[in-house]
Amino acid sequence: MSFADRQERAEQASGPPASAQAVREAAASRPIYQVKAEFFKTLAHPARIRILELLRDGECSVAQLIPGVGIEPSHLSQQLGILRRANILQVRRDGGAVRYSVTDPRIFELLEVARAILTSSLAESSQLLAELRQSASGAPGRSPRRTGSA
C-alpha cells in the first residue's frame with residue numbers, strides 16, 4: 001500500500017468535517033467581518049491556493065494532488081483537512097480512494113479576482129519601475145551633478 005493510500009485511509013478514519021449547518025451557526029454568532037477574516041485566513045497558505053487551483057478541473061484524490069502541490073503527503077493531508085473543516089472542500093469516497101472537490105465553485109471566481117488584482121498591481125509597479133529606470137539613465141530634465149565649490 002502506497003503512502004498516499006495510507007493517507008487517504010487516515011482521512012477516512014478521521015471522520016466527517018463539521019457540517020455546513022454547524023459552521024453557519026457558529027458564524028451567525030459573530031460579526032460578519034470576523035467570519036470573513038476567518039475565511040481568508042483559511043485560504044492564506046500557498047499549498048491551499050494550489051490545491052484549489054488543481055481542483056478547478058474537477059475532483060482529485062490525494063495521490064493526484066501530490067505532484068501538483070509539491071509538498072509531502074502528510075503536509076498535503078493537513079492542508080486538505082483545514083479546507084475540509086472550513087467547508088471549502090468536500091469529500092467523496094470512491095472505493096478505497098478519497099476524492100476531493102470544492103463545495104462552491106464561486107471559490108474559483110474569487111481566485112480569478114485575486115489574480116486580476118495582483119496582475120493590475122504588478123503592471124502598475126512595472127510601469128513605475130520603467131519610469132524610474134528612464135529617469136535614472138539621464139533622461140531630459142535631470143540636472144547634472146556638481147562637484148566642488150563655486
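Me: How many helices and how many strands are there in the protein?
Reply: The model is a predicted one, in which local features need pLDDT of at least 70, side-chain atom pairs count only at pLDDT 80 or more, and totals for chains, interfaces and linings use all residues. Residues are numbered from 1 along each chain as its sequence is written, and side-chain values use heavy atoms, with hydrogens and water left out. Helices (H or I, at least four residues) and strands (E, at least two) are DSSP runs numbered from the N terminus. The protein has 7 helices and 3 strands.

Me: What percentage of the 150 residues in the protein is buried?
Reply: A residue counts as buried under 20% relative accessible area, as exposed over 50%, and as partly exposed in between (1.4 Å probe, protein chains only). For the 150 residues of the protein, the buried part is 25%.

Me: Which residues touch the most other members of the largest nonpolar core?
Reply: A nonpolar core is a set of buried Ala, Val, Leu, Ile, Met, Phe, Trp, Tyr and Cys residues joined through side-chain atoms within 4.5 Å. In soluble globular proteins, nonpolar side chains tend to be buried together. The largest such core here has 20 residues, and those touching the most other members are Ile51, Leu52, Leu55, Leu80 and Leu89.

Me: Which elements give two or more residues to this core?
Reply: The core in question is the largest nonpolar one, with 20 residues. Two or more of its residues come from each of H4, helix H5 (62–69), helix H6 (73–85), strand E3 (97–102) and H7.

Me: Which residues does Leu55 touch, not counting residues up to four places away in sequence?
Reply: Leu55 is among the core residues that touch the most other members. Contact means heavy atoms within 4.5 Å. With residues up to four places away not counted, Leu55 touches Cys60, Leu65, Leu89, Tyr100, Ser101, Val102 and Phe108.

Me: Is Leu43 buried or exposed?
Reply: Leu43 lies in helix H3. Leaving aside neighbours within four places in sequence, Leu43 is in contact with Arg48, Ile49, Leu52, Ile88, Ile107 and Leu110. Because its relative accessible area is 8%, Leu43 is buried.

Me: Which residues is Thr42 in contact with, leaving aside its neighbours within four places in sequence?
Reply: Thr42 has its place in helix H3. Its relative accessibility is 14%, so Thr42 counts as buried. Beyond the neighbours left aside, its contacts are Arg48, Ile82, Leu83, Ala86 and Ile88.

Me: Which residues form the aromatic pair, and what is its geometry?
Reply: Rings of Phe, Tyr and Trp (its six-membered ring) pair if their centres lie within 6.5 Å; planes under 30 degrees apart count as stacked, over 60 as edge-to-face and the rest as tilted. A search of the whole structure finds 1 aromatic pair. With 5.4 Å centre to centre and 75 degrees between the planes, the pair is edge-to-face and is formed by Phe39 and Phe40.

Me: Why does Phe40 count as partly exposed?
Reply: Phe40 forms an aromatic pair with Phe39, and Phe39 is partly exposed at a relative accessible area of 32%. Phe40 counts as partly exposed because its relative accessibility is 46%.

Me: Which element supplies the largest share of the lining of the second largest pocket?
Reply: On a 1 Å grid over the protein atoms alone, a pocket is an open set of points where a 1.4 Å probe fits, with protein on both sides within 12 Å along at least five of seven lines; lining residues have an atom within 4 Å of a point. The lining of this pocket has 13 residues, with Ile49, Leu111, Ala114, Arg115 and Leu118 nearest its centre. Helix H3 (32–43), helix H4 (46–54) and helix H7 (106–136) each supply at least two lining residues. The largest share, 8 residues, comes from H7.
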